[in-house]
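Here is a short briefing to read alongside the sequence and the model. Take a look at the structure, then follow the notes below.

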Amino acid sequence: AYSQTGWRGTTEFIYPIETPDYIIDADSDTDFPSLFEPKGDRDSWLYVYNQFKQHKYFRLAVAASLAAPILKILHLRNMTLQFWSQSGSGKTAILKFADSVYKSPLPMLNFRATNNFIELRCVTLSDFPICIDELKTADCDKKIKNGVDLFAHLIENGISKGRATKAIKQRDIKTFRTIAIITGEHPLTELNSDMGIKRRTLEIHCDSIFSKNSTFQEQSAAAFLHVFVEDNYGLIGQDWIDLIKKPSIQDEIAEKYKEIRRQVREGRPDSFEEHCNLLAACATADFFFNFHIAEEGVTPDINELLGIETNFNVEREESDFVRAFDFIADWVEQNRGFVVNEGTPVEKQRAVKYGWIINRGKDDEAIAIIAGVLHGVLKEADFNPRKVLTELMQHNFIDSQVQADGKKSFSVVRRIKNEGAKRVILIPIRNFIEKLQ
């Protein structure tokens, strides 16, 4: 019995409908084998692929789907590739086609599914891509936003949570490999995302997926793909797996990847290594798929794929406190109306306020944020308030106060004119004046 698809050793691969020696584990995602039943015409699928691969984002999405099962061959960890743009750009259409390499793309998985279901699908479909549509739903619901954060960590770590089955039997913690391909109307990583997620998430801004000089205009191209994949899917995945199971091909894949990766690194020397690895893995999969399956014997040109403009983050180990300070500066800017000048009569203030602007002398102003307010804001943004505030104090980003025991405290008791004594976080304006201009 099996509860996971994917590699067993280096030459055996469990493909849901082509592995008669295995039966599905009843505790796993029992509906997924039916999704892999092929439908449609293989030649038609390849024809559409070859016609549309002139569009670089379409080609990259399919390449990422093909790259998922070669992560093991290349000894790479999980990654996330996101296509983001305004609604109607065609990003869902290319996501569906990428998913159709192996299975039916319908129903599309989205972040309204429960966290447990998404985790189970990731674990069950190890070595296959996970395609999730429309991150915009995360804007509508705090619970969904939390689910997105959990998903990002799930992909980064590649490990399930331990839990009991309905029979109160301990279920083993499982690892999995995947490339998550997601779409949305804004980037997955926000300013407060931790560095591990930023390093493993490559975001592509794709306002125009289908070029205007193509056979299809954007709307008609997307509409065609939406309809096409409803009746043509699961037709090529087994061929791809059969190809990459061959030891000789695996050796070639490993060598080609090294060559492409060197090329990517030379072109983006300051980018995150993980982002370069993902693009190189996608280009490697694209090369072998086109040469051996899509256009047999024709050497593909992958330079356009490697030249895609991506949101590569610059390689730097940015500390939590630096990101936290950027976050605080932006938060203050967004909430200026709730920060009043010291001495403003209470009757002229808002019912709710977050702090005061204090003039301490010539060219020396500070913002005093109510300590409890800032703690709550940082915690809500997934920062550790005590940790980042301590580091901000140590690096002189915020003022400190010596306590009775001689230790420094990042929270300062300050007497506010017309307000009395308040415990605040005191930030000299000069420290983030550039943010506030």
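At 1.5 Å a residue, the 22 residues of H12 should span 32 Å, and its end C-alpha atoms are 30 Å apart, which agrees. Please keep in mind that this is a predicted model.

*Cores*

- H12 is largely enclosed by the rest of the structure, since 19 of its 22 residues are buried.
- The largest nonpolar core has 98 residues, and those touching the most other members are Trp45, Phe83, Phe97, Phe151, Trp240 and Phe289.
- Helix H12, residues 273-294, gives the most to this core, with 13 residues.
- Another core of 26 residues lies apart from it, and Trp331, Tyr354, Val377 and Ile427 are among its members.
- As general background, nonpolar side chains in soluble globular proteins tend to be buried together.

- Strand S3 (residues 79-84) pairs with S8 in the parallel sense over six bridges, and leucine 81 stands opposite isoleucine 181 in S8.
- Strand S5 (residues 130-133) also runs parallel to S8, joined to it by three bridges; here cysteine 131 has isoleucine 181 as its bridge partner.
- Phenylalanine 151 contacts Ala180 and Ile182, and beyond its neighbours within four places in sequence its other contacts are Phe111, Ile118, Cys122, Ile130 and Ile132.

*Aromatic rings*

- The count of aromatic pairs comes to 24.
- One of these pairs, phenylalanine 52 with phenylalanine 224, is stacked, at 6.0 Å centre to centre with 5 degrees between the planes.
- Phenylalanine 52 lies in helix H2 (residues 42-52) and phenylalanine 224 in helix H9 (residues 218-231), so their pair ties together parts that are 172 residues apart in sequence.
- Phenylalanine 52 is buried, with a relative accessible area of 3%, whereas phenylalanine 224 is partly exposed at 32%.
- Both rings belong to one aromatic cluster, whose members also include Trp45, Tyr49, Phe58, Phe97, Phe210, Phe228, Trp240 and Phe289.
- Elsewhere, the charged end of lysine 256 sits over the ring of phenylalanine 287, 4.3 Å from its centre.

Conventions
Residues are numbered from 1 along each chain as its sequence is written. This is a predicted model: local features need pLDDT of at least 70, side-chain atom pairs count only at pLDDT 80 or more; totals for chains, interfaces and linings use all residues. Side-chain values use heavy atoms; hydrogens and water are left out. A nonpolar core is a set of buried Ala, Val, Leu, Ile, Met, Phe, Trp, Tyr and Cys residues joined through side-chain atoms within 4.5 Å. Buried means under 20% relative accessible area, exposed over 50%, partly exposed in between (1.4 Å probe, protein chains only). Helices (H or I, at least four residues) and strands (E, at least two) are DSSP runs, numbered from the N terminus. Contact means heavy atoms within 4.5 Å. Rings of Phe, Tyr and Trp (its six-membered ring) pair if their centres lie within 6.5 Å; planes under 30 degrees apart count as stacked, over 60 as edge-to-face and the rest as tilted. A charge sits over a ring if NZ of Lys or CZ of Arg is within 6 Å of the ring centre and within 35 degrees of the ring normal. The expected span of a helix is 1.5 Å times one less than its number of residues. Two strands pair if DSSP finds at least two bridges between them.
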